[in-house]
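Welcome! Please take a look at it first, and then read on.

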Amino acid sequence: MGAVKAAMGFTLAVGTFLQHLINGLTLGAIYGLIAIGYTMVYGIIRMINFAHGEIYMIGAFIAVTTFTLLLGAGVTSVPLALVIVLAISCTFTAAYGWTIERVAYRPLRTAPKLAPFISAIGMSILLQNFVMLTQGARSKSLPPVMTGGVTLWHDGDFSLGLTNIQMFIILLTVALMAGFTLVINRTALGRAQRACEQDRTMAALLGINVDRTISLTFVLGAGLAAVAGVMVTLYYGVIDFYIGFLAGMKAFTAAVLGGIGSLPGAMLGGLLIGLIEAFFSGYVSSAYKDVAAFSILILVLVVRPSGLLGRPDIEKV
Amino acid sequence: MTEPLLDVQGLTMRFGGLLAVDGVDLTAERNRITALIGPNGAGKTTIFNCLTGFYKPTAGRLLLRHPARGPIELQKLKGYGVARTGVVRTFQNIRLFPSMTVLENLLVAQHQALMPRSVFSFAGLLNLKGWRAAEEAAVETARDWLRRLDLLAVADEEAGNLSYGMQRRVEIARAMSTNPLLLCLDEPAAGLNPRETRALAELLVGIRAEHGIGILLIEHDMGLVMDISDHIVVVDHGARIAAGTPAEIRNDERVIKAYLGEPDADDVATAGGGAH
Amino acid sequence: MAAPASTSIPVAHRLRDAGIAGLVAMALAVPFLGLRTVNLDQGLVVQANLAYVPLAGAVVFLGRLVLGLLAAPLAKAVAPLAAWRPPAAAQRLRAWGGPLLVLAAVALPFLPFANRYVIDLGTTALIYILLATGLNITVGLAGLLDLGFAAFYAIGAYTCALTTTQLHWGFWPALVAGGLASSLFAVLLSLPILRLRGDYLAIVTLGFGEITRIVILNWQGLTGGPNGVSGIARPTLFGLTFDRRAPAGGHTFSEVTGIAYAPEHRLIFLYLVILALTALAAYTVARLRRLPIGRAWEALREDEIACRSLGINPTMVKVSAYASGALMGGLAGCFFAARQGFVSPESFGFMESATILAIVVLGGMGSQAGVIIAALFIVVLPELARGFADYRMLAFGLAMILIMIWKPGGLLSGRLPTIRLSNAKPKSVAEAA
Ligand SMILES: Nc1ncnc2c1ncn2[C@@H]1O[C@H](COP(=O)(O)OP(=O)(O)O)[C@@H](O)[C@H]1O
Ligand SMILES: [Mg+2]
């Protein structure tokens, strides 16, 4: 009897662990996608785009509006709805990303270091309040769009599940990451980006259109943030105008943790933050989950000041 | 003969696979100008960086015979600690405090002396007499160096707004305001016109005569080096290939070869031209 | 660059440019102005107000066109203003600027138009000036970006709250404790992270700010969690309170002075207390800038490597900058707690840190006068816009962007030298005279 109970306890523990792992990976995928926007922008213009969290929030709002419209129009095919929502949300959010850079950051490209940062904080406040004023301060909850999932393991009261949404999030993130790595490593845009990262003046002299490269970087980052916004809308079903702040802060933490400027680093950092959050809330305390994330960040930076996958910057004397 | 002020033995600095400095021996004496020459990329600046605590050498001993504190092994000190022993440097790519005035630059240099006199700012906050006297003395020191380097007229200008030649002079004045024991100059004549270079030569000779300090000089201007150095050390590919008086170096085959090996033969011409 | 519009740009080009801007604005307007999701009983529905879309496009089109045409003449008109430098005599008056300003501020509550509202607003502005004066040391002088300054504000506030409510200390000892606790906290926090450079340091300070807030929010036993702490001791004047009735064993201000009790007295007293604290802080910073420590802060901002080459220990300089800034943050926090009589975690979120940082940067990094102007701007502007309560944060964000574009170095970006050789009389001359 005792042995059976112990064994059951053990499998239950493993099951719980796996459930936290799945939840953490899902969350981490979302953070990672937002983090890429931070890391790319930082890589190319050395600036913390503080309004990037708001871009993600805008993506989520457009997703809610589009889903609601599609439901109203009687679209019942989930895959079709997903494709339409992703396309619309990415397009419009990318337009926001492009405009923000054009209006608030480009005039400050040669300004003292903190000026674009303050401008970004201003943009973040502006966008939050813009969305609050136009869409209302109350949170929006969407009826579940995507339901169902697979039960991986079942035992008495406990069941370990992977929902379709989680699968969708993880698979889409993997696909996007793969595609993105290709873009950055193989295309002219990727080369232009890397050239601008190294030396913007030199890149311009070599005939690279620096302005366009930077604009495209914002567009791509915003597109990915929009995907994250769609995902979070599906996953939680509830959003409000304030979600960008915390998510943005965590995604930025993820970017720094992974090594800012590094794409795989952003993804790794996102996953780590997601996992820390899931495991810490599961096993220790959900109130302090963000404390855990920030503490890990600080510890990592103290040991490896350039983050996990970042290139250490050599001090030139 | 007394023992040298600075005794560098077997200094080695490795960056990953690159051996930038390879077992270099070097001495510097008080009242002497010791020049460190060699083609670009030979490892001269790296030697300075090791000496002044910016890099931890891979191997070697950097012994400073401090008149008051006795022998000090510089490689064991923290970065900023080296300057406190009186080993002060300038940088190949000038490092001033650009938006502070020239005078302020020279006062920052006297931080070590002034900090205790401000009693960690308390005496300074209360503007006590002892502090005021200390500050006046510091300003006088600065004024002396500004005068010697012909910078009095620009004392209240932002350092970053000055011409290149002036910025070089400010950096030397700033280093001298610390009242150093060993002054390490990294290419001080780079970018100076011939007149400025002559003034620099006079200045260094003057400092050597009056201040009883040692001068270590990295320089590409062979005319200057041959004129004012007492002792020359030549490095190439991180290793020391020759050392001696200017006359000895001028005729050293290895040195000529090291410079001829360079695609840019200008240096040799200058080295030859230095023989006047 | 913000396309420097010169009059030579052909009109067709301008029209095209404005047209593109208008089209983009229309696209951006569709999902937010044009469509609005509303919560109804049966769930979300989308309401269409598509008329807003062409409206937004037209506004942006015209705005862009008019601004483009006006930019050049406007810049020309403003140029002499921007180039204007006060004459030398006025420069000398600058030394008197501080004391005069303080005098004017002391007089404020006794002026005819000074009602409760004005005094209260003045008190709030002064709290922000004190906070920004502290942060200005870290960011403006030492060049260390700090995105979590509200943590020090919070620690000062909670130290005050807890020492007065739990230990029954008076306001003044609590004030000292608040400042010191913040400072100590800053030293402990900064030691492990000072190796980090630039933006990494910034993100870590952001993390510390959040950690502090979350801990305060969740440590129910000590801090009361989201409910906060109430019943914090009010400031007293040599032991006299400003209450209507004296507390047991105490006396009130009106009893002792014979001035009839008025509730405004407390407000005026609070205002004068924070004015004194702020003036003292500003004076201290002005003096510190002229001392070795202050010069080392600025030198560190300019070039850390050069500092090391002169024997300056960067760690000590950074720690002292953090600690001095935090001290002022702690004092401000403590005063804030005592003024409200109540503290809760929501006063110390990231927006608070961002606001204080915005004051420093908008004012012009390192400039005390800039801090004062920017703090007044940031506190008073939203108040003036009170009628448009809904739009004031929107306007606030917009103003931050516009000011940065207009003056990227901040409103007062020039740096004043801490000493001039021409003023320090040479010894030889002085003796000869
Ligand atoms: N921090 C560093 N990391 C890697 N390599 C370095 C570093 N500093 C110097 N080097 C290398 O060491 C060699 C010597 O450089 P340097 O001392 O600057 O030469 P010099 O001053 O004689 O012209 C060069 O090949 C340079 O690239
Ligand atoms: Mg060199």
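In which order do the strands of the open sheet in chain B stand? The order of this four-strand sheet is β2-β1-β4-β5, with antiparallel pairing. This is a predicted model, where local features need pLDDT of at least 70 and side-chain atom pairs count only at pLDDT 80 or more, while totals for chains, interfaces and linings use all residues. Residues are numbered from 1 along each chain as its sequence is written, chains are lettered from A and ligands numbered from 1 in the order in which they are written, and side-chain values use heavy atoms, with hydrogens and water left out.

**The sheet of chain B**

- Helices (H or I, at least four residues) and strands (E, at least two) are DSSP runs numbered from the N terminus, and two strands pair if DSSP finds at least two bridges between them.
- At the edges of the sheet stand β2 (18-28) and β5 of chain B, each with a single partner strand, so one side of each has no neighbour in the sheet.
- On average, neighbouring strands here are turned by 20 degrees against each other, direction ignored; the axes are lines fitted to C-alpha atoms, for helices over the stretch in contact, and angles run from 0 to 180 degrees between N-to-C directions.
- Strand β1 (residues 6-15) of chain B runs antiparallel to β4 (residues 59-66) of chain B, and five bridges join them; Val8(B) has Leu62(B) as its bridge partner in β4(B).
- β4(B) also pairs with β5 (residues 70-73) of chain B over four antiparallel bridges, and these two strands form a hairpin with three residues between them.
- Within β5(B), Gly70(B) is the bridge partner of His66(B), and Pro71(B) is that of Arg65(B).

**The helix across the sheet**

- Helix α1 (residues 44-51) of chain B lies across β1, β2 and β4 of chain B, at about 110 degrees to β1(B); contact means heavy atoms within 4.5 Å.

**The site of ligand 1**

- Residues from chains A and B surround ligand 1, so the two chains share the site; a residue is near if one of its heavy atoms lies within 4 Å.
- Twelve residues are around ligand 1, and Gly41(B), Gly43(B), Lys44(B), Thr45(B) and Thr46(B) come nearest.
- α1(B) gives the largest share of the shell around ligand 1, three residues.
- A backbone N or O atom of Lys44(B) lies 2.8 Å from an oxygen atom of ligand 1, and a polar side-chain atom of Thr46(B) lies 2.5 Å from an oxygen atom of ligand 1.

Technical notes: A polar contact is a pair of N or O atoms within 3.5 Å; within protein, one must be able to donate a hydrogen and the other to accept it, and residues adjacent in sequence count only if both atoms are side-chain atoms.
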